[in-house]
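Morning, everyone. Please take a look at the model on the screen, and I will walk you through it.

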Amino acid sequence: IEDNMTPFDRLGEETLHRLIDTFYGLVAQHPDLAPIFPKDLTETARKQKQFLTQYLGGPPLYTDEHGHPMLRARHMPHPVTPTRARAWLSCMNQAMDKVGMTGPIRDDFYSRLYLTAQHMINTPDLGE
Ligand code: HEM
């Protein structure tokens, strides 16, 4: 049984949803991130729940509704700088703390998000 479980099964839908809601609560307050996100993050959080469900091996909820994720292309309208990638990961790390994620589930998930976040960078930091 255990061996066939996906990371989505191990984490559980309830925890994943709590993680994402907590994450966007932090994004909304982050000075580097809030300006590039919509004021109302309800729809963003809904899509992220769909996306991260399939990213973790659960049902393909995102693709069923929106088609191929093409994540980098979908981020092109938004200036994702190295600073913003660090901020995004910092909010995620704090959200993982707040929902009490620990151990390999957390470490493996965070490592994948780290790599995906680097891949989303599409704009250099200006100045400094
Ligand atoms: C959408 C920023 C990394 C998954 C968005 C949006 C912004 C954004 C501004 C548009 C929100 C909206 O209009 O609703 C960033 C920044 C990142 C980052 C600054 C820093 C690296 C990631 C990562 C993932 C991800 C690592 C997945 C692991 C998504 C998804 C959407 C999205 C699924 C919704 C796409 C759609 O419209 O269908 N992101 N993002 N993002 N992001 Fe990111």
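Start with one crossing: H2 and H6 cross in a right-handed way. A crossing is right-handed if the near helix is turned clockwise from the far one by less than a right angle, and left-handed if anticlockwise. This is a predicted model, where local features need pLDDT of at least 70, side-chain atom pairs count only at pLDDT 80 or more, and totals for chains, interfaces and linings use all residues. Residues are numbered from 1 along each chain as its sequence is written, and side-chain values use heavy atoms, with hydrogens and water left out.

Back to the pair. H2 covers residues 13-27, and its axis comes within 8 Å of the H6 axis, at roughly 130°. Axes are lines fitted to C-alpha atoms, for helices over the stretch in contact, and angles run from 0 to 180 degrees between N-to-C directions. So H2 is oblique to H6. Angles under 35 degrees count as roughly parallel, over 145 as roughly antiparallel, 65 to 115 as roughly perpendicular, and the rest as oblique.

Who touches whom? From H2, Leu 19, Thr 22, Phe 23, Leu 26 and Val 27 meet H6 residues including Trp 88, Met 92 and Met 96. Contact means heavy atoms within 4.5 Å.

Now the other partner of H6. H6 (residues 82-98) packs against H7 (residues 103-120) at about 165°, axes 10 Å apart. The two are therefore roughly antiparallel. Their crossing is right-handed. Among the H6 residues in this contact are Trp 88, Met 92 and Met 96; H7 brings Phe 109, Tyr 110 and Leu 113, among others.

Next, the iron. Which residue of the protein donates to the iron atom of the ligand? His 75, through NE2 at 2.0 Å, is the only protein donor. Donors are N, O and S atoms within 2.8 Å of the metal (3.2 Å for Na, K and Ca); water is not among the atoms, so sites may look incomplete. His 75 sits in helix H5, residues 71-75.

Finally, the whole chain. The protein chain has seven helices and zero strands. Helices (H or I, at least four residues) and strands (E, at least two) are DSSP runs, numbered from the N terminus. Along its principal axes, the C-alpha trace spans about 55 × 30 × 25 Å.
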